Amino acid sequence: MRCILGLATAGLVILSGTATADTQSPPNHIPDPPVAQSVTDPPPWPPRPIPTPPVPPRPIPIPIPTQPIATPPVPVPPWPTSIPRPPWGQPIPPPPIPAPMPPRPPWPTAGGPYAKHLTLTVSRIGRTRTIRLGCTPLYGPHPEGSQACSLLLRAQGDPARIRLPWRACPQYYEPITVTATGTWNGRFIRYQRTFSNQCELRTATGPIFSF
């Protein structure tokens, strides 16, 4: 009986050792690393408050007047007193009729001792024009009568005696024939010449035949 109890006790001891070995981790098993626990240290000083910008006050709306602003009246100038106005209901009188122009003085006669007048003729291809020019006093429809008379007074009424500064003219042929006949201080004048173009005519006689 004691042998049986001893064997049972030895079996229990062996079983307890085996159970203890099973509860322990095997030699080939690597234990998991311990998990680090986060430790929050308290701040050494209290946190500073973040300043917030001040909110400006809202503007107070200004009421706009709804009534229109009165503008001063524009003064109306008075009616001019220099022009009389007829009363209402009466007709306006017609404007005065201008006085007629005085008659033109007669053309100087050829027999006068101081008569200075010429009949000028300009002939181009298919066109001829004739006008009369009088000097002292100036008379006639010449567009440059005063300048023409100034040249004729220095040349004694003869266009052939006029001397003007020379100037170059283009070389083209457009013949112009001019004549001048009349009386100058009791002397008969006759002048006739043909020029190649208008430029040569103006260079030789100035504004006498420019009409």
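Is R202 buried, partly exposed or exposed? R202 is partly exposed, at a relative accessible area of 29%, where buried means under 20%, exposed over 50% and partly exposed in between (1.4 Å probe, protein chains only). The model is predicted, so local features need pLDDT of at least 70 and side-chain atom pairs count only at pLDDT 80 or more, while totals for chains, interfaces and linings use all residues. Residues are numbered from 1 along each chain as its sequence is written, and side-chain values use heavy atoms, without hydrogens and water.

R202 takes part in a salt bridge with E144, with 3.4 Å between the closest N and O atoms; the term requires a side-chain nitrogen of Lys or Arg within 4 Å of a carboxyl oxygen of Asp or Glu. The pair joins distant parts of the chain, 58 residues apart: E144 lies in the loop between β2 and α2, and R202 in helix α3. Helices (H or I, at least four residues) and strands (E, at least two) are DSSP runs numbered from the N terminus. E144 is likewise partly exposed, at 24% relative accessibility. A search of the whole structure finds one salt bridge.

In α2, the buried residues are G145, A148, C149, L151 and L152. They lie on the same side of α2, because they cover an arc of only 160° around the axis, taken from the directions from the helix axis to the C-beta atoms. Among the elements covering them are β1, β2, β3 and α3, contact being heavy atoms within 4.5 Å. Two of these residues, A148 and L152, are touched by I208, which also touches L120, H142 and I162.

Technical notes. Lists of a residue's contacts leave out its neighbours within four places in sequence.
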